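Please look through the sequence and the three-dimensional structure shown here. The paragraphs below lead through the strands, the helices and the confidence of the model.

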Amino acid sequence: MNGRELATLVLRNIGEDEDTVTYGEYADRIYAALNEAYQQACAFRYRPRKKVEILPQEESVISLDSLPEDYYAPHSITDGQGYGVMFAWEPDGLRLGRKCDVVTLDYIYRPPVLDEDVTPVLPPVFHTALADYAAFRIMIPGGKQSQARADLFYANYQRVMVQLTPMGDACTFVNRYR
């Protein structure tokens, strides 16, 4: 689902028409709520990763300037032969534990902001949970009935997001026993 399809699902969830006028009225609030849930899920649960080769400076430091724009946090660093390299955070960047010519940085990245054409990097099963969270955020300021319905959307969002595991982490067990 891309951002527009998620926004349409949010409009359906809150009981509004899906026409362009209604979409225009709610678009800012919908995308703000979708992005809030999306960025939070990616930063703290899914943790999407990319790899990039970097040339360390002379002092075995990867400067902050040489890191990619979408960099969020390091996951691991390996040398040219694929062996792990220890590293430490320092004010000027990441200090490597030993000298390396080229290193591969496996890092957690910030995904692009959702808009009409962007598809979330989360597995498709979790896309509807983002729409549930957005419906919750839009409906919660309403009356008691609206708030009660919003609580249902939030409960569904939490129930689904608990099952989200980090990207590429096949060794993580999620409580699936009943």
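Threonine 78 stands opposite threonine 104 in strand β6. Strands here are DSSP runs of E with at least two residues, helices are DSSP runs of H or I with at least four residues, and both are numbered from the N terminus. The strands β3 and β6 (residues 103–109) run antiparallel and are joined by six bridges. Two strands are said to pair if DSSP finds at least two bridges between them. This is a predicted model, in which local features need pLDDT of at least 70 and side-chain atom pairs count only at pLDDT 80 or more, while totals for chains, interfaces and linings use all residues. Residues are numbered from 1 along each chain as its sequence is written, and side-chain values use heavy atoms, with hydrogens and water left out.

The strands β3 and β6 belong to an open sheet of three strands, in the order β1-β6-β3 and with antiparallel pairing. Its edge strands are β1 (49–54) and β3 (71–78), each of which pairs on one side only. From one strand to the next, the twist averages 30°. In a regular strand the side chains alternate between the two faces of the sheet.

Another open sheet of three strands has the order β2-β5-β4, and its pairing is antiparallel. Here β2 (61–63) and β4 are the edge strands, and each pairs on one side only. Neighbouring strands of this sheet are turned by 25° against each other on average, with direction ignored.

Which residues face each other in this sheet? Isoleucine 62 stands opposite leucine 94 in β5, and valine 61 has arginine 95 of β5 as its bridge partner. Three bridges join β2 to β5 (residues 93–96), and the two strands run antiparallel. Between β4 and β5 there are four bridges, again in the antiparallel sense. Glutamate 90 stands opposite glycine 93 in β5, and a hairpin joins β4 to β5 through two residues.

The helices come next. Two packed helices are described by the angle between their axes and the distance between the axes. Axes are lines fitted to C-alpha atoms, for helices over the stretch in contact, and angles run from 0 to 180 degrees between N-to-C directions.

The axes of helix α1 (residues 3–13) and helix α3 (residues 127–139) come within 9 Å and cross at roughly 50°. The helices α1 and α3 are therefore oblique to each other; angles under 35 degrees count as roughly parallel, over 145 as roughly antiparallel, 65 to 115 as roughly perpendicular and the rest as oblique. The contact (heavy atoms within 4.5 Å) involves residues of α1 including Leu6 and Val10, and residues of α3 including Leu130 and Ile138. The residues of this contact divide into nine nonpolar, three polar and one charged. Ala, Val, Leu, Ile, Met, Phe, Trp, Tyr, Cys and Pro count as nonpolar, Asp, Glu, Lys and Arg as charged, and the others, Gly among them, as polar.

Helix α2 (residues 20–46) packs with α3 at an angle of about 125°, the axes being 8 Å apart. The helices α2 and α3 are therefore oblique to each other, and their crossing is right-handed. Among the residues that meet are Tyr26, Ile30 and Leu34 in α2 and Leu130, Ala134 and Ile138 in α3. By class, this contact of α2 with α3 has eleven nonpolar, no polar and three charged residues.

How are α1 and α2 placed relative to each other? They pack at an angle of about 105°, with their axes 10 Å apart, and are therefore roughly perpendicular to each other. Residues including Leu6 and Val10 in α1 meet residues including Tyr26, Ile30 and Leu34 in α2. This contact of α1 with α2 has nine nonpolar, two polar and one charged residues.

Confidence is given as pLDDT, the predictor's confidence in each residue, from 0 to 100. The mean pLDDT of the protein is 90, and 94% of its residues reach 70 or more. Confidence is highest in α3, at 96, and lowest in strand β4 (residues 87–90), at a mean of 90. Where pLDDT is low, the predicted coordinates should not be read in detail.

Note on methods:
Left-handed = near helix turned anticlockwise from the far one by under 90°.
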